[in-house]
Amino acid sequence: MNSDDTNSKPRSPATIVTHYGRDPEKQYGFVNPPIVRGSTVIFQSYDQLKGHKRPYGYGRHGNPTNDAVQSTVTELENGAQTFLAPSGVSAITTALMAVLKTGDDLLVCDTVYEPTRQFCDSILEKMGVTTRYYDPTIGVGIEKLIQPNTKAVMVESPGSLTFEVQDIPAIASVCGPKEIAIIADNSWASPLYYKPLDLGANIVVHAGTKMFSGHSDIMFGTITTDATYEKRVQNTYRALGVCVGPDDSYLIARGLRSLELRMREQGQKALEMAKWLEKHPLVETVLHPALPQHPQHDIYQRDFTGPGALFSLILKPAGEEAVAAMVDDMELFAMGYSWGGFESLILPVKISSQRSVTQWPHDGNLIRLNIGLEGIEDLQADLSAGFERYRQMANIKLD
Ligand SMILES: *Cc1c(COP(=O)(O)O)cnc(C)c1O
């Protein structure tokens, strides 16, 4: 089976990630795509050069290894085309530049990934684009914020620190008729569990660095567009000179093969862990949309088909020395940014500095966890011991 097999009925995501982007007959029967390194492509005749009659013309504009990733992600997202970027941030900034020009207005959810905010408040501002932030739970209420020059809405569902789920169909019901582009950061659920284009978004971006890679060994980004925005994204992408190397694409193509398996395993473990944490006396709240008491659980149930591996919890208030006592001596949970890899990570986060139009209501310490592939009992023992260090340092009495 190859990726041009369009007559057949839609395949399951597990089949897509396993089979797409491979064509063994073109590579002497070897299963995987070759890593094609190159800038120059040689043409055999003037006619071929002039008529763009080669499938590839120059290294920056694509190569067979990159195609393996593009065709798989396009199929998973139900998009028209996918463009590859050297990081998730680069995918986001390229998508924003593609749909905005001087004089335009952009609406961005208040829970957006912090570097996205920085780009809007610096580069877009310099370009003469205004950015206004909105409450991620706004839904159809976004209508009240729309001005004649509003040209795009950036959604991130759920937010990657506090996990508010956005109502993309409601936002699309307002923005669609006004031809306002909806750009969705879909890194958390991956296209296996959430398909923003099907729900009315126009462009989907991913930090391929996270779940697509799965191995914490690469920086990568993807932009998938619907047919309406394909040309605009392509023009901006090319004008900016964005491209990725084939070695990086190869690692992502390999990561994608096990995406379904990892999402399933890590998502289920994360949910089990979230339920276990809810019962711990030191834990005030667990922020995972798959939990029934999550404030937007109904939207999650309607629009998502599975849980992500990343979530947060809020501990009973205590000073920073208690947080340090907990995280400094973890045995399995490593402390670090990023997520989506096979290994569990722990990250203390301060929220108040990252919001401008909504108020974060909690004063307990927020801890974000990426649940990896380790044994869950081992992870729970590690957390239990960490909680006990926190409790002792803060002198919290549990009844
Ligand atoms: C990490 C992340 C990004 C940025 O990806 P990089 O590859 O680090 O540039 C964007 N969005 C979300 C939700 C992320 O977690």
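Colleague: Leaving out residues up to four places away in sequence, which residues does Asn63 touch?

Modeller: Quick caveat: this is a predicted model, where local features need pLDDT of at least 70 and side-chain atom pairs count only at pLDDT 80 or more, while totals for chains, interfaces and linings use all residues. Residues are numbered from 1 along each chain as its sequence is written, and side-chain values use heavy atoms, with hydrogens and water left out. Contact means heavy atoms within 4.5 Å. With that sequence limit, Asn63 touches Val36, Tyr56 and Pro246.

Colleague: Why does Asn63 count as buried?

Modeller: Asn63 sits in the loop between α2 (46-50) and α3 (64-77); helices are DSSP runs of H or I, at least four residues, numbered from the N terminus. Buried means under 20% relative accessible area, exposed over 50%, partly exposed in between (1.4 Å probe, protein chains only). Asn63 counts as buried because its relative accessibility is 7%.

Colleague: How far is the backbone nitrogen of Thr65 from a polar atom of the Asn63 side chain?

Modeller: A polar contact is a pair of N or O atoms within 3.5 Å; within protein, one must be able to donate a hydrogen and the other to accept it, and residues adjacent in sequence count only if both atoms are side-chain atoms. For the Thr65 backbone nitrogen and the Asn63 side chain, the distance is 2.8 Å.

Colleague: On to the ligand: how much of its accessible area does the protein cover?

Modeller: Among the 15 residues around the ligand (a heavy atom within 4 Å), those that come nearest include Asp185, Thr209 and Trp339. Polar side-chain atoms reach it: Asp185 is 2.6 Å from a ligand nitrogen, and Thr209 is 2.5 Å from a ligand oxygen. By the Shrake-Rupley method with a 1.4 Å probe, of the 380 Å² the ligand has on its own, the protein covers 93%.

How values were computed
Helix = DSSP H or I, 4+ residues; strand = E, 2+ residues; numbered from the N terminus.
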